[in-house]
Amino acid sequence: SSSVASVGIIAPNPQDRWEPFEPVTDRPPGADEANLSLCEKVIAATKPIIGVGPRGLRPGHLKPLFQGFFRDEEAMEAWQLFLDLGRRYIGGVMPPWVRRSLNKELLTPLVKTAPPPGEQPDCRPAKARDMDVSSWTKAQQRAHCNEVSRQLIPQQLAIGVSDGVAIKAHGSNLRLELARRRGEKYMQLALDLKNAHNEYNRRMAQQRLVEHESAHPNSGAWMDLSRVHHSDCAQPSDVYMRDPTAARGLKHVCEGKAGGPQGSALTCIVFPILLDGILKKTEQMFPGIETKAIQDDVGLYGDPATILGEGGALDFILAEFKVAGLEPNLKKFQAYTISPTEFQAALSAEQKKWLKRTFIITDPILRAQVEHAETLAGDAKAAAADAPPATKAEAKAAAQLLAAAAEAMRAAVPEVHRAYGITGCGAALGDDAYVQDFLLQKE
């Protein structure tokens, strides 16, 4: 429904965090023009049914420009004119109002599961742009991926690193095994961020790109990326959705003012570029601590005494996240340690409230009892959310009581029936029983 989709898309796009960009600088004299060499391959490989923006410009409309055989001179020039238009867009020389009219986005609410009769569906909002802007930005992203990767490694493994996810997963297990053999005081912490790609500070990301360009003045990659991001994000992006009752069948939902446009291929490299500064700064400030990331899946590795406590690496990185407009999801943080005594002693009073060592219950009867209590609490929470106004307060109170009871049951599980560990990147590490349970669940 229109209301469900509107709520889903407005939430990840805050309306009160707009910070204007500094004007883009001219391209240096004698510099090569913006790289759109992969634009033809991008369009040729795009499926004809791919979602597009409010203008309805699809790949099928553009493929004839380079696949067709023309006799008319103007038609023969069309492809080069299209690329010239793209270079004006990504080069930052287009007026902002023209860029804003080109990079509008169309929202499509994707229903996760069919809802029961009479109930609203649970939707995941997906946004798309028209194929001209989409192809220009995707061509830039692919052309410069390797150059970006060289700057982000070894902390960020999601950009231009073959099997980066597997490297992070296997590397985490190998680092844990090394710490065990050496008898180190050691822990691994998996951090979670809320809507990271939709929430990050656009202005800070632009500043990071400009810093990279200044540090590499002869690099066409950073020259291009600092300008194409400016073109993409120096003005709010207009988000529309289909509405049969609206003029032209489209309804303006909101303005995107934070994070990267969901329909832009640049978002998946600009966010890691912003995050990279935080990761490298954390390692510089806290020698011996390592950081690794796959996009926004961030891990901290090292001595609990250095990571935890007031003023530790964890406090530092959380403060840096806040400056960048990123909100941690503290309830989803996972911690594993081979030094439980040191871990508990290092926790600050605030960290003790929310940072827990995740575990499974090895006793099957006790596990079934706790999981049943947690299921009842989850069902009660869902029922309270759907309860009518007259009974909502009562239903919410009942759900809170069940949640507290389930939490108390889990906290009371004896240590002998616990196997600790963490999961991430499709893998698990920790106690043998924890890893074995994870693998069995995957079968």
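Which residue in E2 is the bridge partner of Val-111? It is Cys-123.

One caution before I do. This is a predicted model. Residues here are numbered from 1 along the chain as its sequence is written.

Back to the pair. Strand E1 covers residues 105-111, and it pairs with E2 in the antiparallel sense. Seven bridges hold that pairing in the model. E2 itself runs over residues 123-129. It is mostly covered, with six of its seven residues buried.

Now the whole protein. It has 443 residues, and 47% of them count as buried. There are 19 helices and 13 strands. The C-alpha atoms fill a box of roughly 80 × 55 × 40 Å, taken along the principal axes.

The protein exposes about 22400 Å². Carbon and sulfur atoms supply 56% of that. As for charge, there are 52 positive and 54 negative charges. Their mean positions are 1 Å apart.

How far does the confidence go? The average pLDDT is 90. At least 70 is reached by 96% of the residues. Among the elements, helix H13, residues 304-307, has the highest mean pLDDT, at 97. Helix H1, residues 2-10, has the lowest, at 42. Over residues 1-15 the pLDDT is below 50. Beyond near neighbours in sequence, that stretch still has 38 contacts in the model. Where pLDDT is low, the predicted coordinates should not be read in detail.

Next, please look at strand E8, residues 297-302. Is it mostly covered or mostly open? Mostly covered: five of its six residues are buried. E8 has a partner in strand E3, residues 187-191. The two run antiparallel and are joined by five bridges. Within that pairing, Leu-189 stands opposite Leu-300 in E8.

E8 also pairs with strand E7, residues 290-294. Again the strands run antiparallel, with five bridges between them. Here Lys-292 has Gly-299 in E8 as its bridge partner.

E7 and E8 form a hairpin, with two residues between the strands. Gln-295 sits in that loop. Its phi is near 55°, a positive value in a residue other than glycine. Is Gln-295 buried or exposed? It counts as buried, because its relative accessibility is 15% and the cut-off for buried is under 20%.

There is another positive phi to show you. Asn-195 is not a glycine, yet its phi is about 45°. It lies in the loop between strand E4 (193-194) and helix H9 (196-199). Asn-195 is partly exposed, since its relative accessible area is 41%.

Now a peptide bond. The one from Ile-153 to Pro-154 is cis, with omega near 5°. You will find Pro-154 in the loop between helix H7 (131-152) and helix H8 (164-182).

Gln-351 is buried, because its relative accessible area is 1%. What does Gln-351 touch, leaving aside residues up to four places away in sequence? The answer is Leu-308, Gly-309, Leu-314, Asp-315 and Ala-346.

Then there is Pro-364, in helix H17, residues 364-386. Is Pro-364 buried or exposed? Exposed, because its relative accessible area is 61%, and exposed means over 50%. How far is Pro-364 from Ser-237? In sequence, they are 127 residues apart. In space, they are 52 Å apart, C-alpha to C-alpha.

So much for the tour. Find E8, joined to E3 and to E7. And treat residues 1-15, with pLDDT below 50, with care. Thank you.

Terms used: Predicted model: local features only at pLDDT ≥ 70, side-chain atom pairs only at ≥ 80, totals over all residues. Heavy atoms only, no water. Helix = DSSP H or I, 4+ residues; strand = E, 2+ residues; numbered from the N terminus. Buried < 20%, exposed > 50% of the residue type's maximum accessible area, 1.4 Å probe, protein only. Areas by Shrake-Rupley, 256 points an atom, 1.4 Å probe, with all protein chains shown as cover. Lys, Arg positive; Asp, Glu negative; His and termini not counted. Charge placed at Lys NZ, Arg CZ, Asp CG, Glu CD. pLDDT = per-residue confidence, 0-100. Contact = heavy atoms within 4.5 Å. Pairing = 2+ DSSP bridges.
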